[in-house]
Amino acid sequence: MELCKHLSYQRSLSPSKAVFFYKTDVSEFEPLQVETNHIQGQKCSHSEAYQSGNQPKNIQPQDLAYSNPVTIETCYVPPTVNELYCRFSLRVEANSLHPLVCSDESVHLLLYELADKYKAAGGYLQLAERYCKNILLGGWLWRNQHARSMQIEILTSDDQSFVIEDATTLTWDNWPKKESCILKALAAGMASALTDPSVFWFADITAKIQTTFCQEIIPSQCFTDHVARGEASRQYAKVELPDGRNAASFNAEKVGAAIQTIDDWWVEGSEKKLRVHEYGADRRFIIAQRRPDKGNDFYSLIRHCEEYITLLADLKKGSSIPDNIHYVMSVLVKAGMFQKGKSG
């Protein structure tokens, strides 16, 4: 199958912002606020003392001891608070069953058939289990998941309630019987929404974090291209409340990135999971793990659509779905614009 001139999908997983708050005797919601601090930054970068070519600059010793006044935003748990909450919602839709826009009818039919065969083989349930693992493990809290303990509570639109008492005791491959039953039940609800356009499924997810005294919290950091004089050079994401106060938060994109960090199919036997991406972007090593020269990127693999349809149709009960098919379908769940460029 060759890509066509216009091809796009609408995302199937739509998380909200995740908001930090705490509770008091008189309030169920007190926003965790961000502070602005003025500090004396140290001169410690390589360029402070070295020129290009690793040659030392002609500077006085005291020049490296001077400080730079810096304005930054910080976020800490209030001194009297021992439990911090972070909450977001997730909408799941069956948008990967067919393209949102497709200018070639034959391509549309192939992609529709691919999703249909993948659904019949139970592929969406396997994807849902991976997404739900990241939700229940609290991966969407990023660095803040390192805590004394962490309870995850989920309420779904079909009136189900799930509670993981302490997510810090779980790992990707370690799910005791009780937690495993929760995972499977939650994944079944999500898979139903991924495969049935008539199902409208929402989840309300809340983490209760046991914090230490004045523990630092790290929300999403805002991209600041140009900072005006007097503004903080490091700024955190915030949600404004009706009373004018702000609550520290994660951007929806950061929450979604954590949920979709499921791609360990990029190389056989990998224990490292990448965020689903057309080229397997690995932010730690700043490299694309899925590249055209390897033939394992999305655009190389989607060309085998007809082959995947045949494989899924002939799949015997109990047999595993090939990893490349899981990956391709996870990209379609993520969604985006997949058409050929002008040079294509």
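**Note on the predicted model**

1. Helix H2 passes helix H8 in a left-handed crossing, a term applied where the near helix is turned anticlockwise from the far one by less than a right angle. The axes of H2 (residues 105-120) and H8 (residues 323-334) come within 11 Å and cross at roughly 120°. Axes here are lines fitted to C-alpha atoms over the stretch in contact, and angles run from 0 to 180 degrees between N-to-C directions. On the H2 side, Leu114, Ala115 and Tyr118 meet Ile325, His326, Val328 and Met329 of H8, contact being defined as heavy atoms within 4.5 Å.

2. As to basis, the model is predicted, with pLDDT of at least 70 required for local features and 80 or more for side-chain atom pairs, while totals for chains, interfaces and linings use all residues. Residues are numbered from 1 along each chain as its sequence is written, and side-chain values use heavy atoms, leaving out hydrogens and water.

3. The protein has eight helices and 18 strands; these are DSSP runs numbered from the N terminus (helices H or I, at least four residues; strands E, at least two). Its C-alpha atoms fill a box of roughly 70 × 60 × 40 Å along the principal axes. Of its 344 residues, 44% are buried (under 20% relative accessible area, with exposed over 50% and partly exposed in between; 1.4 Å probe, protein chains only). Among contacts with a separation of 6 or more, 71% join residues 24 or more positions apart.

4. Alanine 247 lies in strand E13 (residues 246-250) and is buried, with a relative accessible area of 0%. Leaving aside neighbours within four places in sequence, alanine 247 is in contact with Val19, Phe20, Pro31, Leu32, Ala237, Lys238 and Val239. Its C-alpha atom is separated by 8.4 Å from that of glutamate 30, 217 residues apart along the chain.

5. Most residues other than glycine have a negative phi. Tryptophan 142, in the loop between helix H3 (123-137) and strand E9 (149-156), has a positive phi near 55°. Tryptophan 142 is partly exposed, at 32% relative accessibility.

6. Aspartate 159 also has a positive phi, near 65°. This residue is placed in the loop between E9 and strand E10 (161-164). At 75% relative accessibility, aspartate 159 counts as exposed.
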